[in-house]
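Visitor: I have a model open here and a few quick things to ask. Can we go through it together?
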Amino acid sequence: MKPIEELKDYHVKKITPKRVLVAIDVDDFTSSDQAFDFACTISLPAQAQLGIVTVVESRDINVFDSLSPGKMDEKRLEASHDLMTYVKKAQEFGLVDTKPILAEGTPDKAILDEVVPQFKPDLIVVGSETKKISGKTIGSQAEGIIERSPVSVIVVR
């Protein structure tokens, strides 16, 4: 605990993000929509660049479908379409500097190992899963990002 003397000289500093990254989970639009709304809301007054990332997960494809190269292309195309829908919504909201980011792999690893070093966000916004699994209410994507992120993370419910 800080001594009262130190607190007297402390002044709140305004923090304005320059780049906000929001993770969109195509398997959970409810939490993604809430995270997206929050990210847009804090990005607009700051005129921050908004990066919108979605990750195509190869583990979501069964063994038989994985043998067909067209199946992954189909998933990429579907994810790209969803991603561009969010980009359009952000631009309609007033965020002119919006960047779509499509990644592949395990969401938390792809976001932290590939997207964050390239996009360099000040803040990451993720949604929390809307369903309870084994008593947990936070999704594995959000949990992995929170544990390893080099920047601040906001979890939106």
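Visitor: Is Thr 16 buried, partly exposed or exposed?
Guide: Thr 16 has a relative accessibility of 36%. Buried would need under 20% and exposed over 50%, with partly exposed in between, so Thr 16 counts as partly exposed. Keep in mind that this is a predicted model.

Visitor: Where does Thr 16 lie?
Guide: In the loop that links helix H1 (4-8) to S1.

Visitor: OK, zooming out. How many helices and strands are there in the chain?
Guide: Six helices and five strands. Starting at the N terminus, the elements run α-β-α-β-α-α-β-α-β-α-β.

Visitor: And what order do the strands take in the sheet?
Guide: The order is S3-S2-S1-S4-S5, in an open sheet with parallel pairing. Strand S3 (98-104) and strand S5 (152-156) are at the edges; each has a single partner strand, so one side of each has no neighbour in the sheet. On average, neighbouring strands are turned by 25° against each other, direction ignored.

Visitor: How many bridges join S1 and S4?
Guide: Three bridges, in the parallel sense, between strand S1 (residues 19-24) and strand S4 (residues 123-127). Leu 21 is opposite Ile 124 in S4.

Visitor: Which strands does H4 touch?
Guide: Helix H4 (residues 69-93) packs on the sheet and touches S1, strand S2 (49-56) and S3. The direction of H4 makes about 160° with that of S3.

Visitor: And H5, which strands does it lie across?
Guide: Helix H5 (residues 107-119) lies across S1, S2, S3 and S4, and runs at about 145° to S2.

Visitor: Last topic, the whole chain. What share of the residues is buried?
Guide: 38% of the 157 residues. The chain exposes about 9,700 Å², and carbon and sulfur atoms supply 54% of that area.

Visitor: What about contacts between residues at least 24 apart?
Guide: Such pairs make up 74% of the contacts between residues at least 6 apart in sequence.

Conventions: Residues numbered from 1 in each chain as written. Predicted model: local features only at pLDDT ≥ 70, side-chain atom pairs only at ≥ 80, totals over all residues. Heavy atoms only, no water. Helix = DSSP H or I, 4+ residues; strand = E, 2+ residues; numbered from the N terminus. Buried < 20%, exposed > 50% of the residue type's maximum accessible area, 1.4 Å probe, protein only. Contact = heavy atoms within 4.5 Å. Areas by Shrake-Rupley, 256 points an atom, 1.4 Å probe, with all protein chains shown as cover. Pairing = 2+ DSSP bridges. Axes fitted to C-alpha atoms, helices over the stretch in contact; angles between N-to-C directions.
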